[in-house]
Amino acid sequence: MRKRAHRIRMACPRFQVEHTTERGGTEENEEEQMTRILAVIAMIIGLSVVPATHFTPTAQADTPALKGPLSTVGRYIVDAAGNRVHLKSGNWHGASGTWTGSGDDEQPANNFASEVGHRAPLGLDRVPLNQMVQDFRALGLNSIRLPFSNQMITDTRPVQGLTANPSLNGLTPLQVYDRAVTALTDAGLGVILNNHTTTTRWCCAVDGNERWNSGQDTATWVADWATMAARYKDNPGVIGADLRNEVRRDTWDDPNWGLGDVHDWEAAARQAGDRIVSSANPNLLIMIEGLNWIGIPTDITPHERPMLKPVQNLSVTLTRSHKLVYSAHFYGYIGPNNTGGTGISGGETHDPRFRDMSPTDLFASMDQLAGYVATTPDRHFTAPVWVSEFGVGKDGTAADQAWFGHMVDYLISRDLEFAYWPLVGFQHLDQGNQWGLLRFDTDGSVRSVLDPDDWRGPQLQRLLAATGVTGQVPPTRTWSMLNGIHADDNESLRAAADWDSGARKLVCPDDQRMIGISDRGQGGLCTDATAGNLWTPGTTATRVASEHVTTDWASGFTKYQCATGQFMIGYSLHGDAVNSILCAPARIPLAGNGRTVWDDRGDNRPASGEGGDYAVGYYKGQCNSNEYLAGIAFSWANLRYGHPDAIYCRSMS
């Protein structure tokens, strides 16, 4: 048995837990007591305390249907016609589990906030599925993040208790999930599959669901993703794969971004993303959340919430370009170094929470943690950012309410994608979960965020009404980073996986060419700048491991150069020593003038900084965006050890 040394609420004890903890348990204050008394009086004298069974804000119900395949252009998501798609999502939880881990999972007391999900999307015991989906549409959302657990995929215990949807009882949890996906996409809502947990239980603390390989190995996790992605391959309304929720520390170990061990989230995410887009379902966007928490949260030990900060130095490159979206979670009660808990057992420190910050400091912090990825153009890490969880309770404090307004301001000003948590909650009179945008009572009636007494409504409507960039998104050049320090980084679908056996291989995606290398550190930069996809269709790549040159562009050095009409898409190394290069035939004539760019004594990249630093701490050589990389020069003399000392850049024309 593992000894639990401490309990950490890394980000999402979410709504009720954090709120009741701060109040000192579930004890009511005077205002709540009065509210409950008035509700009972109203019920006795026959007044309605609940709005209509469902609401019909028809002005927002005409949201266009969201269908894939979607892709990315720079920092924006676009549809097949190149028009910007702004994800305005809600989280419909429940299928990944509401059970808190002990006792009968059908008993309210053993489920988070007494909300029994029955291992199905929440609320199906209270409202017919199609009615609930129409209520989602009526809010003005265009997409749903739909969590699942790995356990859900193989759980054969029949679902029971969905009294408002009797036809779903007796199905497996996965079959109920299928029905929810179909209902959502038939109604025009895009669905983003979200691997929330390993086991079907509530998260997100030290609960056995901290990482993608908690309770399972990475191979099993990747295989499960391949299964889920392929399952909905023929449904264009399933638009994305959100690979894992809130990767965080367990009792003993931290996750990391790029160390190459079993806790390396960047490597695991790239592996799963490549499996999905290369074969299981190439239509899906791949959503990758950063590191949610590392370190032990005490005032005397290092601890932080890195989120997307590591992406600046190590971004993810997939085998298919224009499919990557990064994500992050923001709540008022957490902070850059604050778990969101209270008390020693909850992992509370004296670090500020987001709701404690001034708007200026809040914006600066969120930019540093995530927003910069979208707002910094023309870099290898530039991509859309989806704030896939943020939210607040209707019963939030003044500080919560101020934070939520600032959060909406931030999302609008940065034009980011978003998903509110949670979309659905339970309600009974004035009791229950006050965080849901829709709070369903046992009789199916609903309290909505759009009700006049819900202060969140105007803020949410302001966010949903904000347009940001719309219409056609102009073509934007793409930059992609390669890193072969710990393993091959072959991102080509056309080049053989082991085209240089025994060597470390770095290869660009098929629609990009190599444009920069590092002298050590096994790094590379790829781009489609100026020429777009340069590789001739139907042709194969050629490995070059001997010298033959058109001119002596690096006298005294060994030079591997692509044949005339070909360009470099990759290279291989033994350690940091050049072993060979990989060349592909160009679809246009390549006969431009050449120049030598040395990287043996400094960082020799364009002054514009285009592409960004793809090998931090190492010397680099990089061609200009109107050039292509045609060869590498190296030497074993004078203690040079075969490192790439120079590259040969040739003009595109």
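Q: Where is the place of Gln434?

A: In this predicted model, Gln434 lies in the loop between β14 (431-432) and β15 (438-440).

Q: What makes the pair Gln434 and Gln427 a polar contact?

A: The side chains of Gln434 and Gln427 are joined at 3.4 Å, which is to be set against a limit of within 3.5 Å for a pair of N or O atoms, so the pair counts as a polar contact.

Q: How do you know whether α9 is roughly parallel or roughly antiparallel to α10?

A: The axes of helix α9 (residues 398-414) and helix α10 (residues 456-465) come within 10 Å and cross at roughly 5°; because angles under 35 degrees count as roughly parallel, α9 is roughly parallel to α10. The contact involves Phe404, Gly405, Val408, Asp409, Leu411 and Ile412 of α9, together with Arg456, Gln459, Arg462 and Leu463 of α10, and these residues divide into five nonpolar, two polar and three charged.

Q: What makes β5 and β6 a pair of strands?

A: Strand β5 (residues 190-197) and strand β6 (residues 238-242) share four bridges in the parallel sense, and as at least two bridges are required, the two strands therefore pair. Leu193, for instance, has Ala241 in β6 as its bridge partner.

Key. Residues are numbered from 1 along each chain as its sequence is written. This is a predicted model: local features need pLDDT of at least 70, side-chain atom pairs count only at pLDDT 80 or more; totals for chains, interfaces and linings use all residues. Side-chain values use heavy atoms; hydrogens and water are left out. Axes are lines fitted to C-alpha atoms, for helices over the stretch in contact, and angles run from 0 to 180 degrees between N-to-C directions. Angles under 35 degrees count as roughly parallel, over 145 as roughly antiparallel, 65 to 115 as roughly perpendicular and the rest as oblique. Contact means heavy atoms within 4.5 Å. Ala, Val, Leu, Ile, Met, Phe, Trp, Tyr, Cys and Pro count as nonpolar, Asp, Glu, Lys and Arg as charged, and the others, Gly among them, as polar. A polar contact is a pair of N or O atoms within 3.5 Å; within protein, one must be able to donate a hydrogen and the other to accept it, and residues adjacent in sequence count only if both atoms are side-chain atoms.
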